[in-house]
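Hello,

Here is the structure I promised to pass on to you. Have a look at it first, and then read my notes below.

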Amino acid sequence: MKLKKEQALILSLIKDDLVNQKLLLGLDALGLRAADYYLQLSDTIFSLMDFPESSHSDRVYELYLDLTKKVRFVDISQSQKQVDELAREIYAELAAHRATLKKSH
């Protein structure tokens with residue numbers, strides 16, 4: 001049961017990060033400097049997922065940032081389903097990379 005609650009929390013944080021990313025991308029498109037308002041939820045997500053510290057985890061972090069940028073193509077006002085699907089995709093990618101990193105330690 002604890003694992004399901006933890007996974008639900010992480011998925012919720014990823015969705016929150018996607019909504020924030022969508023807002024920041026929109027503000028940037030308008031010419032406003034929005035990077036200062038990034039919430040750093042990814043740090044919490046990586047901590048909750050117990051990612052080991054390594055040079056490889058830095059690459060996974062970059063992958064995470066690239067995946068969150070897919071939200072630019074999602075119309076959040078029309079459907080939360082797409083946000084949910086993207087969050088699950090990101091979670092699956094992170095979980096796969098975490099397993100690989102843990103095996104190499």
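In which helix is Asn20 found? Asn20 sits in helix 1. Please keep in mind as you read that this is a predicted model.

Let me stay with Asn20 for a moment. Its relative accessible area is 9%, and because the cut-off for buried is under 20%, Asn20 counts as buried. Setting aside the residues within four places of it in sequence, Asn20 is in contact with Tyr37, Tyr38 and Leu39. As for Gln40, this residue is 20 residues from Asn20 in sequence, and the two C-alpha atoms are 10.0 Å apart in space.

You will find Thr68 in helix 3, which covers residues 55-68. If residues up to four places away in sequence are not counted, Thr68 touches Asp17, Leu18, Gln21 and Ile90.

Now to the charged pairs. How many salt bridges does the count come to? The count comes to three, and here they are in turn.

- Lys15 and Asp84: their side chains meet in a salt bridge at 3.1 Å, N to O. Lys15 belongs to helix 1 (residues 2-29) and Asp84 to helix 4 (residues 80-103), so this pair ties together parts that are 69 residues apart in sequence. Lys15 is partly exposed, with 27% relative accessibility, and Asp84 is partly exposed as well, at 24%.

- Glu89 and Lys70: here the closest N and O atoms are 2.5 Å apart. Glu89 lies in helix 4, while Lys70 is in the loop between helix 3 and helix 4, so the pair ties together parts that are 19 residues apart in sequence. Glu89 counts as partly exposed at 33% relative accessibility, and Lys70 counts as partly exposed at 36%.

- Asp36 and Arg33: the side chains of these two residues meet in a salt bridge at 3.5 Å, N to O. Are they buried or exposed? Both Asp36 and Arg33 are exposed.

From Lys15 you can follow the salt bridge across to Asp84, and from Asn20 you can go on to its contacts Tyr37, Tyr38 and Leu39.

Conventions:
Residues are numbered from 1 along each chain as its sequence is written. This is a predicted model: local features need pLDDT of at least 70, side-chain atom pairs count only at pLDDT 80 or more; totals for chains, interfaces and linings use all residues. Side-chain values use heavy atoms; hydrogens and water are left out. Helices (H or I, at least four residues) and strands (E, at least two) are DSSP runs, numbered from the N terminus. Contact means heavy atoms within 4.5 Å. A salt bridge is a side-chain nitrogen of Lys or Arg within 4 Å of a carboxyl oxygen of Asp or Glu. Buried means under 20% relative accessible area, exposed over 50%, partly exposed in between (1.4 Å probe, protein chains only).
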